[in-house]
Amino acid sequence: MPRRRGVAGPGPVSPLLWRFMVAYFDRFLRRHLNALRLARWGRPDRTAHPGPIVVYCNHPAWWDAATLILLAARLYPGRTHHAPFDARALERYAVFRRMGAFGVDLETPRGAAQFLAASRAILSRPGRMLWITAQGRFSDVRARPLALRPGVARLPELAPDALVVPLALDYAFWEERGAEAFAAFGTPIPAADLLALPRPERLARLEAALAATLDRLSADVIAREPARFVSLVSGAKGVGGVYDLWRRLRALTAGRRFDPAHRPGSGAGQP
């Protein structure tokens, strides 16, 4: 039977296109959000594991794809990144295929087989990372249980030498006009440890690890303390227009440097 468009396995990644799209999403996020913040306690150890890495996360918003691309580029610049993508959407946004996306048919039982076959090919190569929105659908960060799709629990069987890392994502409005994007990596789990568990218990452990990471991140988001985070990307501050022009003039006449931010200490830092 002919292979349906959009469900082919992972193809070659274009480094030039990857760098271009990373720059595009960096600029896009700066224009439309206030910041991308990484919890200080949730910074990953980027050098400890030489084998493949699986990052699985919750799926709270449309922004997740841009957020994951920027996290991958900033925190793991030496690795090649892949992610499953709805096959129908990939037909419309084929550019993501050259960035490491591979199509999965979400509407048929073949989708699980496509996902596992592509994941096996990716995780068998050195220096690869697989990023998965493991809920498979948009879901509020407060919803429990997380209801992760069972395919994520199959990955240790494909790559016993992999490291499996939970990633919590959240979005909220603080003091600025734009929203804040938040991220935190949880404690990594060796795939060999997961492989020792039956699949249902394996999935339960993955879900518990992600839920705990989400709960800790949520506490920091609620606290609204920028010092708890490192800003990987910092967007435009202030309201703009006549209001900020008036504030700028007042600062000028008072001999003060104009800071458009409503709250200091929100500049970009080092991850």
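**Entry 1: ground rules**

Before anything else I wrote down my burial terms: a residue is buried under 20% relative accessible area, exposed over 50%, and partly exposed in between, using a 1.4 Å probe and protein chains only. This is a predicted model, so I noted that local features need pLDDT of at least 70 and side-chain atom pairs count only at pLDDT 80 or more, while totals for chains, interfaces and linings use all residues. Residues are numbered from 1 along each chain as its sequence is written, and side-chain values use heavy atoms, with hydrogens and water left out.

I started with Arg-154, which is partly exposed because its relative accessible area is 28%. Glu-157 also gets the label partly exposed, at 28% relative accessibility.

For salt bridges I used this rule: a side-chain nitrogen of Lys or Arg within 4 Å of a carboxyl oxygen of Asp or Glu. How many salt bridges does the rule give? The count is 11. In one of these, Glu-157 pairs with Arg-154, and the closest N and O atoms are 3.3 Å apart. Glu-157 also forms a salt bridge with Arg-202, at 2.8 Å from N to O. Glu-157 is in helix α5 and Arg-202 is in helix α7, so this pair ties together parts that are 45 residues apart in sequence.

Helix α7 covers residues 199-223 and includes Arg-202.

Is Arg-202 buried or exposed? Arg-202 is buried, because its relative accessibility is 4%. I then listed its contacts (heavy atoms within 4.5 Å). Leaving aside neighbours within four places in sequence, Arg-202 touches Ala-153, Arg-154, Pro-156, Glu-157, Leu-194, Leu-195 and Leu-197.

I also looked up Asp-220 and Arg-228, whose side chains form a salt bridge at 2.6 Å, N to O. Asp-220 counts as buried at 7%, and Arg-228 counts as partly exposed at 29%. Shared partners join Arg-154, Glu-157, Arg-199 and Arg-202 into one salt-bridge network.

**Entry 2: strand β3 and its partners**

Next up was pairing, where two strands count as paired if DSSP finds at least two bridges between them. Strand β3 (residues 80-86) runs parallel to β5 (residues 128-133), with 3 bridges joining them. Thr-80 has Arg-128 as its bridge partner in β5. β3 also pairs in the parallel sense with β4 (residues 101-104), over 4 bridges. There I found Ala-83 opposite Ala-101. Between β3 and β4 the chain passes through helix α3 (residues 87-92), and this β-α-β crossover is right-handed. I checked what that means: with the strands pointing away from the viewer, the path from the first strand over the helix to the second runs clockwise.

**Entry 3: helix α4**

Which residues of α4 are buried? They are Gly-111, Gln-114, Phe-115, Leu-116, Ala-118, Ser-119, Ile-122 and Leu-123. Among the elements covering them are β2 (53-57), β3, β4, β5 and α5 (155-158).

A reminder to myself: most residues other than glycine have a negative phi, and most peptide bonds are trans. The bond from Arg-144 to Pro-145 is cis, with omega near 0°. Pro-145 sits in the loop between β5 and α5. Ala-147 is in the loop between β5 and α5, and has a positive phi of about 55°. Arg-224 has a positive phi of about 55° too, in the loop between α7 and β9 (229-234).

**Entry 4: the cores**

Last, I looked at nonpolar cores (buried Ala, Val, Leu, Ile, Met, Phe, Trp, Tyr and Cys residues joined through side-chain atoms within 4.5 Å). The largest has 40 residues, and Leu-36, Val-55, Trp-131 and Phe-185 are among those with the most contacts inside it. Helix α2 (64-75) is one of the elements that give it two or more residues. The largest share, 8 residues, comes from α2. Phe-185 has contacts that include Leu-38, Trp-41, Val-55, Trp-131 and Thr-213. Another core, of 38 residues, lies apart from the largest one and includes Phe-115, Leu-116, Val-152 and Trp-174.
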